[in-house]
Amino acid sequence: MDTLTHDLTVLVRRHLRTELLRLARAEEDTAADVAATVRYWQPCPDSVAGHRECAAVLRLAADAVDTRPSRG
């Protein structure tokens, strides 16, 4: 594998991880926005838990992306 392709692969994986983390933050922000509209004595809508779960899954996916250069 030539250096350009090798570097591109690492770069793509880094961008993928960054995008997954950005999406996770967006899901957390959405959960917070929805939760902020609910009075403190009211239960949060199920969508809040859904957005938080989605954020957790996106973070797990981001952590699974290996951004280290491969040896080859």
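Visitor: How should I read the exposure of C44, and what does C44 count as at its relative accessibility?

Guide: Residues are sorted by relative accessible area (1.4 Å probe, protein chains only), where buried means under 20%, exposed over 50% and partly exposed in between. At 41% relative accessibility, C44 counts as partly exposed, and C54, at 32%, also counts as partly exposed. Please keep in mind that this is a predicted model, in which local features need pLDDT of at least 70 and side-chain atom pairs count only at pLDDT 80 or more, while totals for chains, interfaces and linings use all residues. Residues are numbered from 1 along each chain as its sequence is written, and side-chain values use heavy atoms, with hydrogens and water left out.

Visitor: How many disulfides does the structure hold?

Guide: A disulfide is a covalent bond between the sulfur atoms of two cysteines. With the cut-off that the two sulfur atoms lie within 2.5 Å, the structure holds 0 disulfides.

Visitor: Where does C44 lie?

Guide: Helices (DSSP runs of H or I, at least four residues) and strands (runs of E, at least two) are numbered from the N terminus, and this protein has 2 helices and 0 strands. C44 sits in the loop between α1 and α2, and its C-alpha atom is separated by 8.1 Å from that of V34, 10 residues apart along the chain. D46, by contrast, lies in helix α2 and is exposed, with a relative accessible area of 72%.

Visitor: Which residues make up the largest nonpolar core?

Guide: In soluble globular proteins, nonpolar side chains tend to be buried together. A nonpolar core is counted here as a set of buried Ala, Val, Leu, Ile, Met, Phe, Trp, Tyr and Cys residues joined through side-chain atoms within 4.5 Å. The largest one has 6 residues, namely L20, A24, A55, L58, A62 and V65. The elements that give two or more residues to this core are α1 (3–36) and α2 (46–64), and the largest share, 3 residues, comes from α2. If contact means heavy atoms within 4.5 Å, then L58 touches L20, L23, A24 and E27, leaving aside residues up to four places away in sequence. Over the whole protein, buried residues make up 17% of the 72 residues.

Visitor: How many salt bridges does the structure hold, and which residues meet in them?

Guide: Side chains of opposite charge can pair when their charged atoms come close. The structure holds 4 salt bridges, each being a side-chain nitrogen of Lys or Arg within 4 Å of a carboxyl oxygen of Asp or Glu. Among them is the pair of R17 and D63 (3.2 Å, N to O), which links distant parts of the chain, with R17 in helix α1 and D63 in helix α2, 46 residues apart. Another is formed by E28 and R59 (3.5 Å, N to O), and this pair also joins helix α1 to helix α2, its residues being 31 apart. E19 and R22, whose closest N and O atoms are 2.6 Å apart, both lie in helix α1, 3 residues apart, about one turn of the helix.

Visitor: Why is the pair of Y40 and W41 called edge-to-face?

Guide: A pair of aromatic rings is described by the distance of the centres and the angle of the planes. Rings of Phe, Tyr and Trp (its six-membered ring) pair if their centres lie within 6.5 Å, and planes under 30 degrees apart count as stacked, over 60 as edge-to-face and the rest as tilted. By this rule there is 1 aromatic pair. The ring centres of Y40 and W41 are 5.2 Å apart and their planes stand at 85°, so the pair is edge-to-face. Y40 counts as exposed at 77% relative accessibility, and W41 counts as exposed at 57%.
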